[in-house]
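Subject: Handing over a structure, with notes

Dear colleague,

I am passing the structure below on to you, and I would be grateful if you could read the notes that follow with the model open beside them.

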Amino acid sequence: MSFTVLIPARLASTRLPDKPLADIAGKPMVVHVAERAARSGARQVVVAADDARIVAACAAHGVRAILTRVDHATGSDRLAEACTLLGLADEEIVLNVQGDEPLIDPALVDACAALLAARPECVMATAAHAIDTVEEFVNPNVVKLICDAQGRALTFSRAPLPWWRDGNVAGVIAQLPSPPPLRHVGLYAYRAGFLRRYPTLPACPLETIESLEQLRVLWHGERIAVHVAASRPGPGVDTPEDLKRVRRLLAQG
């Protein structure tokens with residue numbers, strides 16, 4: 001199976017400015033992401049950047065990067081342009097590995113690519129893992145999802161999902177439902193043809209309300225296959241506190 005890893009990277013970040021270039025153990029964060037992704041079975045790993053400084057930082061560490069437009073609304077839009085710049089065929093499988101995931105598991109990348117290759121009725125594949133605390137379940141920054149009997153996503157939400165009627169006391173969730181709810185992992189596999197088509201799909205109300213672009217795919221009747229991992233992946237980096245935690249983890253080896 002052949003697939004390409006694309007890593008969207010933009011400098012603008014409200015919570016952590018210049019995030020892709022944040023130093024972790026002497027290397028920019030986006031370089032750590034690319035090096036981890038390169039341990040997967042990908043035939044190539046390419047950073048899709050919005051600034052020449054990211055391209056230069058990647059080149060200094062032997063990581064391939066291409067410059068894309070600065071005005072893309074989403075990471076998917078940026079990767080659609082990257083697919084065209086790289087001349088990827090419509091049937092090529094593309095993995096979107098977020099540029100703030102320096103601890104991404106290469107095996108998880110392979111699993112998502114393999115899942116999409118095995119599910120021709122789906123235009124995308126993604127990943128999830130079981131939630132094990134009530135705090136995580138009610139946290140709006142933790143995206144939840146529900147699957148159908150064939151392991152395809154039914155919906156995604158920032159709200160506790162499913163809402164367990166009998167597990168709530170005066171509107172407060174006291175314990176997790178069983179089986180455990182699923183936390184969405186922001187790793188996506190696409191076919192390049194669909195990725196190029198995605199920006200032409202009108203945004204949907206749910207996507208706007210939840211700020212979850214994957215809801216646009218479901219809204220338009222397409223299917224997303226879900227790989228449920230046995231364990232949670234390493235933490236991503238959204239805030240300065242996250243960055244400190246990842247630095248500690250990498251320093252520990």
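Predicted model: local features only at pLDDT ≥ 70, side-chain atom pairs only at ≥ 80, totals over all residues.

Residues are numbered from 1 along each chain as its sequence is written, and side-chain values use heavy atoms, with hydrogens and water left out.

I begin with strand β6, residues 93–97; helices (H or I, at least four residues) and strands (E, at least two) are DSSP runs, numbered from the N terminus. Five of the five residues of β6 are buried, so the strand is largely enclosed by the rest of the structure, where buried means under 20% relative accessible area, exposed over 50%, and partly exposed in between (1.4 Å probe, protein chains only). Ile93, Leu95 and Val97 point one way from β6, whereas Val94 and Asn96 point the other way. Two strands count as paired if DSSP finds at least two bridges between them, and β6 has such a pairing with β1 (residues 3–9), parallel and joined by four bridges, as well as one with β12 (residues 182–191), antiparallel and extending over five bridges. Within these pairings, Thr4 stands opposite Val94, and Val97 stands opposite Leu187 in β12.

Which residues have the most contacts inside the largest nonpolar core? They are Val5, Ile7, Val47 and Leu95, in a core of 36 residues, a nonpolar core being a set of buried Ala, Val, Leu, Ile, Met, Phe, Trp, Tyr and Cys residues joined through side-chain atoms within 4.5 Å. At least two residues of this core are supplied by each of β1, α1, β4, α2, β6, α4 (106–118), β7 (124–130) and β12, and the largest share, six residues, comes from α4. A second, separate core of 32 residues includes Leu88, Val94, Tyr190 and Leu195. In soluble globular proteins, nonpolar side chains tend to be buried together. Leu95 touches, among others, Phe3, Val5, Val109, Cys112 and Leu187, not counting residues up to four places away in sequence; contact here means heavy atoms within 4.5 Å.

Helix α1 (residues 29–37) is mostly covered, with seven of its nine residues buried, including Met29, Val31 and His32. Glu35 is also found in α1, but it counts as partly exposed because its relative accessibility is 27%. The C-alpha atoms of Glu35 and Ala174, which are 139 residues apart along the chain, are separated by 41 Å.

Asp50 sits in the loop between β4 (44–49) and α2 (52–60). Asp50 is buried yet has no salt bridge, and the nearest side chain of opposite charge, Arg78, is 4.5 Å away; Lys and Arg count as positive and Asp and Glu as negative, while His and the chain ends are not counted. A salt bridge is a side-chain nitrogen of Lys or Arg within 4 Å of a carboxyl oxygen of Asp or Glu. A polar atom of the Asp50 side chain lies 3.2 Å from the backbone nitrogen of Leu11, and the residues that Asp50 touches include Ala9, Arg10, Leu67 and Thr68.

A search of the whole structure finds 16 salt bridges. One of them joins Lys19 to Asp238, the closest N and O atoms being 3.7 Å apart, and this pair links distant parts of the chain, with Lys19 in the loop between β1 and β2 (23–24) and Asp238 in the loop between β13 (224–228) and α9 (240–251), 219 residues apart. Lys19 counts as buried because its relative accessibility is 14%, whereas Asp238, with a relative accessible area of 32%, is partly exposed.

Within helix α9, Asp242 and Arg245 lie three residues apart, about one turn of the helix, and they form a salt bridge with the closest N and O atoms 3.7 Å apart. Asp242 is buried at 16% relative accessibility, while Arg245 is partly exposed, with a relative accessible area of 38%. Elsewhere, salt bridges that share partners join Arg119, Glu121, Asp148 and Arg152 into one network, in which the side chains of Glu121 and Arg119 meet at 2.8 Å, N to O.

With best wishes

Notes: Polar contact = N/O pair within 3.5 Å; in protein donor to acceptor, adjacent residues only side chain to side chain.
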